[in-house]
Each structure stands twice: as C-alpha cells, then as structure tokens.
Amino acid sequence: QLALLDKELEDRFEILRMKIDILLRKQDWKEALRFSLRFCSLHSNQPYGHVHAAFCLHELGRTSEAKQALLDGPASLLDEPVYYYNLACYDTVLGNLEQAKVYLRASFRLDKCFQELAKSDPDLKQIRDEL
C-alpha cells in the first residue's frame, strides 16, 4: 500500500516511519538504513531516525559506526532510554564493558522496562551477570 502513495507523500514523517518499521520487521537492514538516513536528513532533531539508523549499522556488523552515529545525533537523544541502552549494547560488543555498564544503568534509570530486556539481549551477554 505504501508503494501506491503519491510521490509527494513518501517523505512525510509518518510514512517514512511506517516504511522503516516494516523494513525492520523484515530484517532488511540495508533498506531500513537507507530510509532511516533519509528520515534523519528530513527530521534531524527527531531521535527515531538516528536510533534506527544506528541499529541497522549494528545489525550490518558496523557497530563502531553505529555507536558514532548515536553519539553524533541530536541532543534530543539524551532524553531517550533506548539511546543509552543501545550504546550499552554497542559498547559491550566493542569490548568497552565498563562504559557499557554506565550506559545500561542510565537506560534503567530512565525506563525500568529495559532491565527485563537486558536479561535476554545477546549483545549484553558479557555483562549480564553484573546487572
């Protein structure tokens, strides 16, 4: 249905979000990254595009770039628990375990539901026993 939309509607905030959500569910990381970067260029202050672009980079094995993408994002990310949670995941994968724990605690302070998620996240395996 999204492919049938008029060309002038395809860059709308909600349309891009729907496309990204669908591509993420399909685990089409390259296309989701492309649309996430498009979202970032059009809505640069919105955390959504930056979080998902970084996640796609991570899933593509480009974890260092994913971390940098989040760190270079807008200040509005600092209010998002997923920002700290994902940084914790990326730092764990990169072997920065102490920094990962700091980020993880920050995500827990902002939203307790991340504590449950962390118990089964494969990215956090190395630090799970210390949570």
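## Lys-101

The side chains of Lys-101 and Glu-98 are joined by a polar contact of 2.9 Å (a pair of N or O atoms within 3.5 Å; within protein, one must be able to donate a hydrogen and the other to accept it, and residues adjacent in sequence count only if both atoms are side-chain atoms). Lys-101 lies in helix α6, residues 97–110 (helices are DSSP runs of H or I, at least four residues, numbered from the N terminus). Lys-101 counts as buried because its relative accessibility is 9% (buried is under 20% relative accessible area, with a 1.4 Å probe and protein chains only). Apart from neighbours within four places in sequence, Lys-101 is in contact with Ile-127 and Glu-130 (heavy atoms within 4.5 Å).

## Basis of the model

This is a predicted model, in which local features need pLDDT of at least 70 and side-chain atom pairs count only at pLDDT 80 or more, while totals for chains, interfaces and linings use all residues. Residues are numbered from 1 along each chain as its sequence is written, and side-chain values use heavy atoms, with hydrogens and water left out.

## Helix α4

In helix α4 (residues 63–71), the buried residues are Thr-63, Ala-66, Lys-67 and Leu-70. They lie on the same side of α4 because they cover an arc of only 95° around the axis (taken from the directions from the helix axis to the C-beta atoms). These buried residues of α4 pack against α3 (47–59) and α5 (81–94).

Definitions and conventions: Buried < 20%, exposed > 50% of the residue type's maximum accessible area, 1.4 Å probe, protein only. Helix = DSSP H or I, 4+ residues; strand = E, 2+ residues; numbered from the N terminus.
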